[in-house]
Amino acid sequence: MKHLNRLMALLVLILVVATPAMAQDFSLSESLNKFTSEMGFTSFFVGEGWKNFVMLCIGSFLLFLAIVKKYEPLLLLPIAFGMILTNLPGAGLFDSAMWNDEFLNHSSEHYHDYGYIMANGGLLDILYIGVKAGIYPCLIFLGVGAMTDFGPLIANPKSLLLGAAAQIGIFATFIVTQMDLPIFGFTPAQAASIGIIGGADGPTAIFLTSKLAPELLGPIAVAAYSYMALVPVIQPPIMKLLTTESERKIRMKQLRTVSQKEKIIFPIVVAIIVSLVVPSAATLIGCLMLGNLMKESGVVERLSKAAQNELNNIVVICLGLTVGATATASSFMNWQTLGILCVGIVAFGIGSASGVIMAKVMNLFLKEKINPLIGSAGVSAVPMAARVSQVEGAKADPRNFLLMHAMGPNVAGVIGSAVAAGILLSFLG
């Protein structure tokens, strides 16, 4: 008690001595004016500050979709919250000027200088380094590989053709979008980044866009994950339009059992062959196959579980927040964003249709027919696209089980989208 009384007396003495000096420099009215002028609310009524308010509403709507409608919540929720954080006036969490060409032209000595960004950037600027350096998408592929079973693809290698065919949407959109038409007006790099939406692979879209067209990262990421969530809505009409009822009733034989040796050899062989053919895809494919090898080898169970859970979850949070942070009012609220959303769904539709058409073409030469419904699973929305094939097949024939057959082209689509991204990167990077 005695020590407490002495401490209180010392504090009173300090206040008595310091108060006259503070009073000389302190003005209540000036401080209040400074406080109110720095409030973010006032920014909504100045210049184009209303756009920030609109972006906050858009971010809140995406949160609604993630939480209430459960549309890809694992990534859409942090992306939506990142959009809200980056559009809070005065918060200084993300400075888009540090990452665009204008900053390059005026301050080239600091452009993408990560040390400078660490010292002067906001929290999301620092986390965004992982996107710009291509770290987050690759680590997510590591986790995806550790959660993926390539057994259906190994058991039925023909399904690799369906996964490859589904990538036609990427290249068709790339070719059309880069045409010098008033409705588009995208550069080749931007067209490639938009086209990759057709692969229905969010991490791949983010990886390629961060390399080729980072100014479009926000709209493309939102479009990619939104369409992935809408697979059960977008694909069924396309599947029904391109198939007959008798084709939808085709039953496929049960897949053979794949040995552990085959599952261990597969990721090693794929990583080597793909990396030699398309070196630009080595980063994504290498991480995907490493994760799968850790799972199938059975000797590093701790590493496999860490890649599937702790590491993957941490990276998803960082990736979602920083991708959402790029959706600033200036980069998101324009006609270009609307064009990306429209072209993206066309790319996704073409990819789904191409897989179905490829299955129908293959049936012209095969004795054991393929149910064309599994062709739409060639897009890389694992495992949702495969489930849609199962659901549509069951509608035609309740005793028809297509899920495992559809998983073959589905996981082939993961490989195909990464290879497509590598090809585009080698052409334009």
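Guide: Happy to. Helices are DSSP runs of H or I with at least four residues, strands are E runs of at least two, and both are numbered from the N terminus. Bear in mind that this is a predicted model: local features need pLDDT of at least 70, side-chain atom pairs count only at pLDDT 80 or more, and totals for chains, interfaces and linings use all residues. Residues are numbered from 1 along each chain as its sequence is written, and side-chain values use heavy atoms, leaving out hydrogens and water.

Now to the rings. Searching the whole structure gives 3 aromatic pairs (centres of Phe, Tyr or six-membered Trp rings within 6.5 Å; stacked under 30 degrees between planes, edge-to-face over 60, otherwise tilted). One of these pairs, F61 with F64, is stacked, with 6.3 Å from centre to centre and 25 degrees between the planes. Why do these two sit about one helical turn apart? Because they are 3 residues apart in helix α4. With a relative accessible area of 37%, F64 is partly exposed, and F61, at 48% relative accessibility, is partly exposed as well (buried is under 20% relative accessible area, exposed over 50%, partly exposed in between, with a 1.4 Å probe and protein chains only).

F94 and Y128 make another pair, this one edge-to-face: 5.6 Å centre to centre and 80 degrees between the planes. F94 belongs to the loop between α5 and α6 (101-106), while Y128 is in helix α8 (residues 123-132), so this pair ties together parts that are 34 residues apart in sequence. Both F94 and Y128 are buried.

The loop between α4 (50-67) and α5 (73-86) holds K70, which is not a glycine but has a positive phi of about 60 degrees. In that loop we also find E72, another residue other than glycine with a positive phi, near 40 degrees. K70 counts as exposed at 59% relative accessibility, whereas E72, at 23%, is partly exposed.

Stepping back, the protein has 25 helices and 0 strands. Of its 429 residues, 50% count as buried. Among contacts (heavy atoms within 4.5 Å) between residues at least 6 apart in sequence, 75% join residues at least 24 apart.

The largest nonpolar core has 115 residues, of which F150 and I415 touch the most other members (a core is a set of buried Ala, Val, Leu, Ile, Met, Phe, Trp, Tyr and Cys joined through side-chain atoms within 4.5 Å). Helix α25 (residues 403-428) supplies the largest share of this core, 12 residues. Beyond the neighbours within four places in sequence, F150 is in contact with F266, L288, M289, N292, V411 and I415.

Helix α25 also carries N410, which counts as buried at 0% relative accessibility. A polar atom of the N410 side chain lies 3.0 Å from the backbone oxygen of A377. Outside four places in sequence, N410 is in contact with A377, V379, S380, A381, V382, P383, A385 and A386. P383 itself sits in the loop between α23 and α24.

Setting aside residues up to four places away in sequence, E392 touches P236, M239, K240 and L373.

Finally, consider helix α13 (residues 188-195), which is mostly covered: 7 of its 8 residues are buried. They are A189, Q190, A191, A192, S193, I194 and G195. The cover over them includes α12 (168-177), α14 (202-212), α15 (217-229), α23 (335-363) and, once again, α25.

Definitions and conventions
Polar contact = N/O pair within 3.5 Å; in protein donor to acceptor, adjacent residues only side chain to side chain.
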